[in-house]
Amino acid sequence: MTAISRRLTGARGSRQGMWLLPLLITVAIALWLSLQTKQFLYGENLLNLVPQAMPLVITAVGQMFVILLGGLDLSVGSMISFTTAVLALGGPAWVLIPTVFVLAGLVGVTNGFIITRFNVHPIIATLSMQYILLGVTRVLRPVSGGTVPDVVISAVAGSFLGVPMPVFWGIFTILVAWKLVYGSRFGLHLFAIGGGVSSGVEDAAHNLGIADRRNIVLAYVICACFAALAGIFLAGRIVSGDPNVGLLFELDAITAVAIGGTQLSGGIGSLHGTVIGALVMALLANGMNLTNVSPFIQTTIKGAILLLVVALQSRKKMGL
Amino acid sequence: MRRLLRIPPAYYVFAVLLLILWVARPNMLNLNVMGIFVRQIVPLGILVLGQLLVMRVRSIDLSGGGVILLINYTISSGVFPGASMIFLIVLALATGLAVGLFNGLMVGVRRASAVIVTLAVGIVLVGFVQYLSSGKPPGDVPGMFGDIYNTKLGPVPTPVIFWVVVSAALSLFLSRTVFGRYVTSVGENVQAAHFSGVPVARTVVLAHTLAGLLAGVSALVQTASIAVGSVRVGLDLPILAVAATILGGVVFGRGEGGVWGPFFGVLSFALLFVVMTTFGVDEPGKLIAQGLIILLAAIFYGVRSRSS
């Protein structure tokens, strides 16, 4: 019994964290929904589920990179709003889309640079960035409006070979992230740096000869770029720029990452866990809407599940 | 020079903003005008006292917004018709205490992630209020709260004096009691504290409980200040409290700024608001300036702490 519970909640030595239990929760919710309501298994609902979940999946995967090395990025919500505002400025798509990623890269470099070179706490650095980006976004676009290039809209709404486009966005995100986390030296260094931070030896990775500053900056760049990708996706869905579309999105992303078993102290976590975490949240929202749960109690249920999942995780040390 | 650099950034920001105001709008600098502006920031000021306490034991509390919202709703919606003011105050403090104790047990004993636990508690409380209110704004706050809030002692508004007194009490509490020593030693090094016989878990639980209590107090002041209930009040306060605390020189585990560093961190937020309003900066400009000032102050402080 203890063996099973340890397997479920992530063994103490595990680098992946607790992801099996969230997966079981996901399957349980899906099963329960398909028994409860006939609509859940309707193709239409399942088709809606993917685009509903996608922005969160993309942002959470990006957020996972900085959380793995013991950081946190609170600026992703503003980054999403900023991206939609830039896309709605008007202009050819082949200019706007690269611009968005260049700007996201700059934001990420700035975040990482401030954190590594000036020794500022990630929460403060990215919180300031959140304010600054939100301010700039509101200058660009005080209220929602403008139109997004057609390419972006069709890249989100259309379908290819009978499969809706959002599915490809998901596959692309997961493939890129998989390569970065599990198929590159950078991924190993992520775990090394985060493991050091979480055991209180911040210089551990540095002393092993890992270029920790460069890797940290890179993680923040990746996080900002994934947020920009989510912003492009959302812009395609709402067809315009909206300064408030990303509001509080960073909290949802952190929640999804945490539900997936990634530890906020760094060093422990997994890509599949993060994707599962984001799916849990999307399924919950979808299921509660289908079963006519009052939208006002949904927030409480979301918070309670987060609390439950976090309370179940075993940790050696106290901390953030 | 070295001594000068040890001073938390909040004091510099405060001094610079005061100088700007003194040069540009000298007539603003009188007790009556400043009193009104400072009075508005008192709820944040009291919340910061709790925040600095938990941050000194290497934790964080993001649930303050939920506590403020719940207490504000309970008082203004008339769930307890005809309740006396004493009852409402006791209820508010008990709510804060209970939430703080729960946070403390989860973080200190269960060792769950402090960011996630307090965030989730905040989400649950906010959701609970949304459920109770169905999104509709509640009614008026009993008049007595506003009456007390609007009193003055000489030229200084009572809430400001209250804030200073509570801060002074916490400062004494941290410097003169055994618990204060425990807080410092847990912040310096958790393991060393543990092996020296400091009850680490109990210290963390107590710090969180006190922070919850202070959030309850902050909620009472916030409620008294707005007269009409709201379902959105106080939601951005916890993250601002973290920023003010760090500006004041209290970073996770390090308490160089004491209580007065964060105190001036909050004061500089109030002053920043005054300066930007008098210069007619619009809302996006305010956000950008706020971000830049927090960032620059933190960079300045970060550079210093690395070189020492």
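Figure 1. A:Arg138 counts as buried, with 16% relative accessibility (buried means under 20% relative accessible area, exposed over 50%, and partly exposed in between, using a 1.4 Å probe and protein chains only). This is a predicted model, in which local features need pLDDT of at least 70 and side-chain atom pairs count only at pLDDT 80 or more, while totals for chains, interfaces and linings use all residues. Residues are numbered from 1 along each chain as its sequence is written, chains are lettered from A and ligands numbered from 1 in the order in which they are written, and side-chain values use heavy atoms, leaving out hydrogens and water. Side chains of opposite charge can pair when their charged atoms come close. Here A:Arg138 forms a salt bridge with B:Glu283, and their closest N and O atoms are 2.9 Å apart (a salt bridge is a side-chain nitrogen of Lys or Arg within 4 Å of a carboxyl oxygen of Asp or Glu). A:Arg138 belongs to helix α6 (residues 122-140) of chain A and B:Glu283 to helix α15 (residues 283-307) of chain B, so the pair joins two chains. Helices are DSSP runs of H or I with at least four residues, numbered from the N terminus. B:Glu283 is partly exposed, at 42% relative accessibility.

**Figure 2. A salt bridge within chain A.** Two salt bridges are found over all chains in the whole structure. One of them pairs A:Asp252 with A:Lys302, with the closest N and O atoms 3.6 Å apart. The pair links distant parts of the chain, 50 residues apart: A:Asp252 sits in helix α12 (residues 249-259) of chain A and A:Lys302 in helix α14 (residues 295-312) of chain A. A:Asp252 is partly exposed at 24% relative accessible area, and A:Lys302 is partly exposed at 27%.

**Figure 3. Two helices crossing in chain B.** Look for helix α6 (residues 85-109) of chain B and helix α12 (residues 200-226) of chain B: their axes come within 7 Å and cross at roughly 150°. That makes α6(B) roughly antiparallel to α12(B) (the label for angles over 145 degrees, taken between N-to-C directions on a scale from 0 to 180 degrees, with axes fitted to C-alpha atoms over the stretch in contact).

**Figure 4. A buried alanine in chain B.** B:Ala241 lies in helix α13 (residues 237-247) of chain B. With a relative accessible area of 0%, B:Ala241 is buried. B:Val266 is 25 residues from B:Ala241 in sequence and 8.0 Å away in space, C-alpha to C-alpha.

Technical notes
Parallel < 35°, antiparallel > 145°, perpendicular 65-115°, else oblique.
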